[in-house]
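Dear colleague,

I am passing on the structure below, and after it you will find a written account of what turned up in it. Please read the text with the structure open beside you.

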Amino acid sequence: MIKVLERIIADGLLNHFTNKLAEQGIRHFIQVNQFMQFTSKDKLELAGLYKDQFMRIWSLLQHEGTGEEAIQQFFHKHYQQLRTFLIKTNGEELFKKYTMDPHLFWVPCEQYSANLQVAWLGLDVEHLYPPVLDLGCGPQANLVRFLRGKKIEAYGMDREVEESEDQPFLRRMGWMEASFEKDQWGTIISHLAFSNHFTHHHLKSDGEPEAYAEKYMELLRALKPGGAFFYAPSVPFIESFVDQLPQYFVRRTRVTGTQQMTQITRLY
């Protein structure tokens, strides 16, 4: 351990190493519970926390007489700091569920095939109005790749998708940090993503439903006239408001016994 730390510090790689560690940590948190949210600022704070802990480890290892009790105290303090970080970034209610039953806290996000998403949302692939944005496209961006394979101008945005020069149509970013310009998209698609999180915050006592409502309306304004926003599950508590606006047409379709999907079309 001490040799690894010596090499990292000597090569000036500590910042790079802790940034990567923070990325992996946040990815793990999200895999455990998809409703956890982190901003770029949160990632930097977590990287700083890891950097501080590595320097503490370095200091401890410099003393040959460091006993097991001191090491245990170090890891206990690190756990407490991580817990404080998670409560600060995601609120206390989420973690109260964990103390009740760890299984209530575990809310993983599944990957769905393009064909299943097309069928679930009732998409007429051949007549989608481009450009198309898949909001919360998932790490594999299955639907985006499927649509681009059919020569449709499609893009994906997700906090876990990998960006690279050979696939500039994918953007690694959370929707709450992104900006959506007016008249930007012909079609926006979000399968079990944005509206799922919106509902979660609507029901959560320490959630941010107002911020999600503002982002929801921003997405609607980002549609071109004639464009449509397809998503599931439906969010009736805001759709009833949108349905009163003359520039939008709201259509809900039952998919399963209780689940519905929504298509909102911007008329002008």
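H191 touches Y112, L116, Q117, W120, L121 and A232, leaving aside residues up to four places away in sequence, where a contact means heavy atoms within 4.5 Å. H191 lies in strand β4, and with a relative accessible area of 6% it is buried; here buried means under 20% relative accessible area, exposed means over 50% and partly exposed means in between, with a 1.4 Å probe and protein chains only.

Before going further, please keep in mind that this is a predicted model, in which local features need pLDDT of at least 70 and side-chain atom pairs count only at pLDDT 80 or more, whereas totals for chains, interfaces and linings use all residues. Residues are numbered from 1 along each chain as its sequence is written, and side-chain values use heavy atoms, with hydrogens and water left out.

Taken as a whole, the protein has eleven helices and seven strands, which are DSSP runs numbered from the N terminus, the helices being H or I with at least four residues and the strands E with at least two. Of its 268 residues, 43% count as buried. Among contacts between residues at least 6 apart in sequence, 64% join residues at least 24 apart.

Two helix pairs deserve a careful look. Helix α7 (residues 114-121) and helix α8 (residues 142-149) pack at an angle of about 90 degrees with their axes 8 Å apart; the axes are lines fitted to C-alpha atoms, for helices over the stretch in contact, and angles run from 0 to 180 degrees between N-to-C directions. The two helices α7 and α8 are therefore roughly perpendicular to each other, given that angles under 35 degrees count as roughly parallel, over 145 as roughly antiparallel, 65 to 115 as roughly perpendicular and the rest as oblique. On the α7 side the contact is made by A114, N115, Q117 and V118, and on the α8 side by N142, L143 and F146. Sorted by class, this contact of α7 with α8 has four nonpolar, three polar and no charged residues, where Ala, Val, Leu, Ile, Met, Phe, Trp, Tyr, Cys and Pro count as nonpolar, Asp, Glu, Lys and Arg as charged, and the others, Gly among them, as polar.

In the second pair, α9 (194-203) and helix α10 (residues 209-221) pack at an angle of about 150 degrees, again with axes 8 Å apart, and that makes α9 roughly antiparallel to α10. From α9, the residues F194, H197, F198, H201 and H202 meet P209, Y212, A213, K215, Y216 and L219 of α10, and the residues of this contact divide into seven nonpolar, three polar and one charged.

The backbone has some features to check as well. Most residues other than glycine have a negative phi, and most peptide bonds are trans. A cis peptide bond joins P130 and P131, with omega about -5 degrees, and P131 lies in the loop between α7 and β1 (132-135). Another cis peptide bond joins A232 and P233, with omega about 0 degrees.

Phi of A141 is positive, near 50 degrees; A141 is found in the loop between β1 and α8 and, at 0% relative accessibility, counts as buried. L192 also has a positive phi, of about 50 degrees, although it is not a glycine, and at 21% relative accessibility L192 counts as partly exposed.
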